[in-house]
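Good morning. I have one structure to go through today, and I will keep it short. Please have a look at it before I start.

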Amino acid sequence: MAPLEQAQRWAVVGAGGMLGRDLVDVLTDAGAAVRALTHADLDITEADATRRALAGADVVVNAAAWTDVDAAETHESEAIAVNAVGAAHVARAARLAGARLVHLSTDYVFDGHHAAPYPEDAPTAPESIYGRSKAAGERAVRDEAFDHLIVRTAWLYGAHGRCFPRTIARLAAERDRLAVVHDQVGQPTWSRDLAELIVRLVGARAPAGTYHGTASGRTSWHGFARRVLAAAGSSVPVDRVPSAAFPRPARRPQFSVLGHDALRRVGVEPIGDWADRWDVAAPSVLAGIADVREAQQVGYPSSSVSR
């Protein structure tokens, strides 16, 4: 990683989530001064509280979001309050503090109909309430904070909390056979890798703009599940099924592969191939899976960004 500026003061909003916890760990290990703000510490829907909480920060990372993709379909106002209005509050507070803002966004801002990786400047066309709320958050960030880094991620997994690999491994220990969708394609991304990428991006003094923080390569949920079970030492068969086999209230993007040209243009190396990174991540991610509550259905994550 690029060396941190030791005098920089970081504030991580959403520090209790999967990504937030990894980011706090990465910054702490690097000797940075970091203020970890969980939802209990800060409700970003409250403008004045957000401004006070972020005063004095040099770098603000907003990893807080409404991430229940399906519930957003019937709770649109709540999703917008966090993902759009709350994002605007954080962006404004960062600007008033004179801080650089890193805002986390998602592949759900795209329609998922492409056959080639989405470039950073591709038109957004979300097809769910969650995606629309996150696209609105991106617009708010661009309007409110000139010194911003919007980092889109997708298919995020990690050691802290519920995620696709841990659910798959647990279900494989309880069932004789699994069924996982094969017609959605994306880039499984380790939250620790994303945390390190954010630090590298800030350390490189990347110009304001939009970047994609996903692993390289691509696979389906079915392909990812097979790789997870191999790491878990499981021989449970995994059937390939279409998305229609798991109807959900919110439409999932069929194609969530994001391009990384913007990172390369500023001299920041993208995250490595998803399969290689999974091999490194697997021991820590699969540890303690008995503590994870079982998902109701296999084949979908509930969200892309942790709160």
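Predicted model: local features only at pLDDT ≥ 70, side-chain atom pairs only at ≥ 80, totals over all residues.

Two strands count as paired if DSSP finds at least two bridges between them.

S1 covers residues 9-13. Strand S3, residues 59-62, runs parallel to S1, and 4 bridges join them. One of the residues involved is Ala11, whose bridge partner in S3 is Val60. S1 also pairs with strand S2, residues 33-37, again in the parallel sense, over 5 bridges. Here Trp10 has Val34 as its bridge partner in S2.

Next, the nonpolar cores. The largest has 61 residues, and Trp10, Val102 and Ile198 touch the most other members. Setting aside neighbours within four places in sequence, Ile198 is in contact with Trp10, Leu19, Leu23, Val61, Val102 and Leu104. Another core, of 31 residues, lies apart from it; among its members are Leu37, Leu42, Ile44 and Ala250.

Last, backbone angles. Most residues other than glycine have a negative phi. Trp155, not a glycine, has a positive phi of about 50 degrees. Trp155 sits in the loop between strands S5 and S6. With 6% relative accessibility, Trp155 counts as buried. Arg205 also has a positive phi, near 55 degrees. Arg205 is in the loop between helix H6 and strand S10, and at 63% relative accessibility Arg205 counts as exposed.

That is all from me.

How values were computed:
Residues numbered from 1 in each chain as written. Heavy atoms only, no water. Core = buried A, V, L, I, M, F, W, Y, C linked by side-chain atoms within 4.5 Å. Buried < 20%, exposed > 50% of the residue type's maximum accessible area, 1.4 Å probe, protein only. Contact = heavy atoms within 4.5 Å. Helix = DSSP H or I, 4+ residues; strand = E, 2+ residues; numbered from the N terminus.
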